[in-house]
Every structure is written in C-alpha cells, then in structure tokens.
Amino acid sequence: MPDFLFFINEILWGSIMIYLLLGAGMWFTLRSGFIQFRYIRKFGRSLKNSLTPQPGGLTSFQALCTSLAARVGSGNLAGVALAISAGGPGAVFWMWVTAIIGMATSFAECSLAQLYKEKDKNGQFRGGPAWYMARGLGMRWMGVLFSLFLLIAYGLIFNTVQANSVAHAMRYAFACPEWITGAVLALLTLLTIYAGLKGVARLMQWLVPVMALLWVAASLFVTALHIDRLPDVIAAIFNSAFGWREAASGALGYTVSQALTAGFQRGMFSNEAGMGSTPNAAAAAASWPPHPAAQGIVQMIGVFTDTIIICSASAMFILLSGPLPHPSGTAGIQLVQQALVNLVGGWGAGFVSLIVGLFAFSSITVNYLYAENNLIFLKLDSRPSRNVLRVGVIAMIMTGALLSMPVVWQLADVIMALMAITNLTAILLLSPVVTLIAQDYLRQRKLGLKPVFDPTRYPEIEAQIAPGSWDDLPRQ
C-alpha cells in the first residue's frame, strides 16, 4: 500500500497538480485584475467591514475565522517540517508562491460560493463547491462526486493526520499515552460540534486569533534571540528554491523539483486554496458589503495569514535550529519540537504540544462542519446520518492517535489532489462568472460606491442563483 500511494502521489503531484495549481492561480490573477495585489493594502478595511452582522448568516469575520480554524492545523507545524526535510529550505519559498497565487484562486472559489449560496430549513446560508457545480454548471453529478471526496477527506482522513500529530507531540513532551490524548481530543470535539455552525463560529472567532498570535509571537521572540542567523536562513530559502546553493557547491542536494513539489503539497494542505474546502465556510456568511466579491477578498486574508505568516513562523523555528534529518511519515511534529528545544530549552516541546493541540482541535471541529454541510447537499441531513458521521469522526481521531501510520500523509495527499482537481475544473469552467463578479465589484469601488450585487443586471446568473439569497438582503 505505501508503494502504491507513493506511485499515485508521484503522478498527481509530480506534474498534474503543480501545473493545475500554477495555471489556475495565474489565470484567476489575470481574470480578477490582480485582485490580491490591488487589495492587500486594504485588508484592514475588509476586516473592519467583516465584523458587520447581517441576518441569515455568519459575519464575514466569523466565516474567516471558521475557515482559518480548518486551515490552521498540524499542516502549519508538522507539514512545514515535512516540506523542509523533503525539499530543503527552498520548499518554504514555494509555499509562499502557493499562497500568493492561491489568494486569487481562493477569491474565485469563495466568491462563487457566496454567489450560489442558498438558505437551509433554519434560514442559515449554506453553499460551497457542490452548490456552484450544481447551480452554476448544471452538473449536480459533479457536486455529488465532490461531496463524497470531501466527506472522505474531512470526515475521516484529515482528522487522523491532526490526531496523529497531537498524540506524537504529547508523547514526546509529557510521555502522555496516545490513547489518553485521543480520548480527550475526541471528547472535546464531540462536545463542541453539538453547538452547531453558529456556536462553533462564535468559538472560533476568539480561539483562532489567540492561538495564531501565540505562535507568531513565539516565533518573533525566538528570531530576535537568534537574529544573527536570520540572513543565512533567508539566503538558504532563496538559494535552495532554485538550486543555486547546490549548483555552487557541486553537491547533490535537494533539487528544484523536490523543493517545488514539497512546497506545493504542504502549502496546499495548509492554506487549502483551490481545494474547495474554504468555500463551505465562505458561503455561510451574510457578506458585507452585500457582494460576492467582498467575501472572496476577506477569505484571501485567510490564505495570507495561514501560509505567509503562520507557516513562515514555523519555518523560522526549524531553519534557525539547523539541518533536519529526513523523517519517517509521522515524525514531522517531533522535528518542530526538537527544533524549539534546541533554540530555547526544554519548555519548547511542551509549548509546541499546546499549540498543535489547539490547532488540531479547531481543525477537526471545522472539518466536521464541512462534512455535515455536504450531507445537506446530498440530502442526507437526518439525525441518523449526522450520528454516523460523528461516530466516524471520533473513530478516526482515536485511530490517528493510537496507530503509527506512515501512510497517513500519503493518503491525505491523494484525496486532497482528487478534491482539488474536481474543484479547480469547476471554477475554471466558471471563470467568466468570476471575472464578472470581480469587474462588477471593482467598477463600483472605482465610482466611490459601496458595492452591492444586483442580480437583475445579469439575467443568466439571476436564473441560476437561489431565490432570496441576494434580493432579500438589506441595502444601505
């Protein structure tokens, strides 16, 4: 099985996914008018607007924190360590590239999710890739396929990755038995998911900023203590990214291909741009100003925060501590702990355990919400179906905590690629709609107006969107 999964990953990530991600990101950068560069200076204003509550959904800030809760997980710690150990320091550069171009892809998918959202039986907005595949493309079968991929990924496999990292971290730092870690994590998850979408969103809007600030502040502190090494670290990232360091020394080190592949794999697992997961949270927001592009811009902040800020913080710990060995599949989190112990002493391992525990708990909780959201699309939103999903989530948390599974990351990479291929195909087919949304938003901003989406201006789109999803929103 490991050899088979390695072979599949070589095919998917050795060529198909890298070209698809690069191509889609560059395409949407052009079609959206370089929106990630035009609005990066205005992220503060977008965040301020995102706090405005509207009826029928979460605030944009709650949706952002909910999506960040899923993004910010063990991939930001163990995943970064695995990327650097597999592809060298240059993998960090390619993670940054995935974030920059991925911001445009995230804008596209989250704007589409907002456009094609609909209200559930409780009046809460719901949507995501399955909805825009069904409504925008008229391909419900494609939405069903995507929903099944997401249920496997977010209901099952990704939770084992999160639990596995926490269990290894707790064992390394406190000699805590894996079954205790798994049981506590499963219990906390079970108690939290009963709060529902709005309850989890309220929790995440406080938890996510706190845990992110803790990790980034620790990284800044450690970097300040070892500021003399920083120029060498920055040079190593850029030299390794293009193979300059190996070429100069004549050594057989990491190749550009290794750095690029590792960076793209772990970068996408971390920021999820193009995978089709974040739109499930983006669609739940009652966006303000009332325009699909507004939520797309807010969600770009999530990609930037996740990869450019949080993953870079993890990379600083690892690269400042010196060379890393090539790990087995489950050793990624221990590499982060060893790095921090080398830099600050014994308390570093416990601090990493605390952070990865918070990251994993938030990710698993929102993973469940994503899976439950797609049960609604599949018309399986009954109490027995939700209970089966909850049992599956708890079982996979315990499995991930108890077993040493080198194939977990490989399984995650395969299912992540299948989700991304399906979603990227859909949003590329819908790229004329993305262009229209971006142009409509930018036009109104240029005129000094507060952007408001008026579906009657676009009869073809008006016929596709759900009744009441836009025309019932309050206007200013």
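# Briefing: helix packing, aromatic pairs and backbone turns

In helix 5, the buried residues are Ala 78, Gly 79, Val 80, Ala 81, Leu 82, Ala 83, Ile 84, Ser 85 and Gly 87. That makes nine of the ten residues of helix 5 (residues 78–87), so this helix is largely enclosed by the rest of the structure. The model is a predicted one.

**Backbone: positive phi values**

- Gly 88 follows helix 5. Its phi is positive, near 80 degrees.
- Phe 34 is not a glycine, yet its phi is positive, at about 55 degrees. Phe 34 sits in the loop between helix 1 (2–31) and helix 2 (35–38). With a relative accessibility of 41%, Phe 34 is partly exposed.
- Ala 175 is another residue other than glycine with a positive phi, here near 55 degrees. The loop between helix 8 (140–174) and helix 9 (178–193) holds Ala 175.

- Helix 6 (residues 90–115) meets helix 15 (residues 292–320), with axes that come within 7 Å. Their crossing angle is roughly 155 degrees. Angles over 145 degrees count as roughly antiparallel, and helix 6 and helix 15 are therefore roughly antiparallel to each other.
- The crossing of helix 6 and helix 15 is right-handed. Sorted by class, the contact of helix 6 with helix 15 has 18 nonpolar residues, nine polar ones and no charged ones.
- Helix 8 and helix 16 (residues 332–344) have axes that come within 8 Å. These axes cross at roughly 40 degrees, and helix 8 and helix 16 are therefore oblique to each other.
- Helix 8 and helix 16 also cross with a right-handed sense.

**Aromatic pairs**

- The whole structure contains ten aromatic pairs. In one of them, the rings of Phe 93 and Trp 94 have centres 5.0 Å apart and planes at 85 degrees, so the pair is edge-to-face.
- Phe 93 has a relative accessible area of 15%, so it is buried. Trp 94 is buried too, with a relative accessible area of 12%.
- Trp 347 and Phe 351 form an aromatic pair that is edge-to-face. The distance is 5.9 Å centre to centre, and the angle between the planes is 70 degrees.
- Trp 347 and Phe 351 are four residues apart in helix 17 (residues 347–377), so about one helical turn separates them.
- Trp 347 has 46% relative accessibility and counts as partly exposed. Phe 351, at 15% relative accessibility, counts as buried.
- One aromatic cluster is formed by Phe 93, Trp 94, Trp 96 and Phe 238. The edge-to-face pair of Phe 93 and Trp 94 belongs to this cluster.

**Charges over rings**

- Lys 117 places its charged end over the ring of Phe 125. The distance from the ring centre is 4.0 Å.
- Arg 140 has its charged end over the ring of Phe 377. Here the distance from the ring centre is 4.3 Å.

Methods. Residues are numbered from 1 along each chain as its sequence is written. This is a predicted model: local features need pLDDT of at least 70, side-chain atom pairs count only at pLDDT 80 or more; totals for chains, interfaces and linings use all residues. Side-chain values use heavy atoms; hydrogens and water are left out. Axes are lines fitted to C-alpha atoms, for helices over the stretch in contact, and angles run from 0 to 180 degrees between N-to-C directions. Helices (H or I, at least four residues) and strands (E, at least two) are DSSP runs, numbered from the N terminus. Angles under 35 degrees count as roughly parallel, over 145 as roughly antiparallel, 65 to 115 as roughly perpendicular and the rest as oblique. A crossing is left-handed if the near helix is turned anticlockwise from the far one by less than a right angle, and right-handed if clockwise. Ala, Val, Leu, Ile, Met, Phe, Trp, Tyr, Cys and Pro count as nonpolar, Asp, Glu, Lys and Arg as charged, and the others, Gly among them, as polar. Rings of Phe, Tyr and Trp (its six-membered ring) pair if their centres lie within 6.5 Å; planes under 30 degrees apart count as stacked, over 60 as edge-to-face and the rest as tilted. Buried means under 20% relative accessible area, exposed over 50%, partly exposed in between (1.4 Å probe, protein chains only). A charge sits over a ring if NZ of Lys or CZ of Arg is within 6 Å of the ring centre and within 35 degrees of the ring normal.
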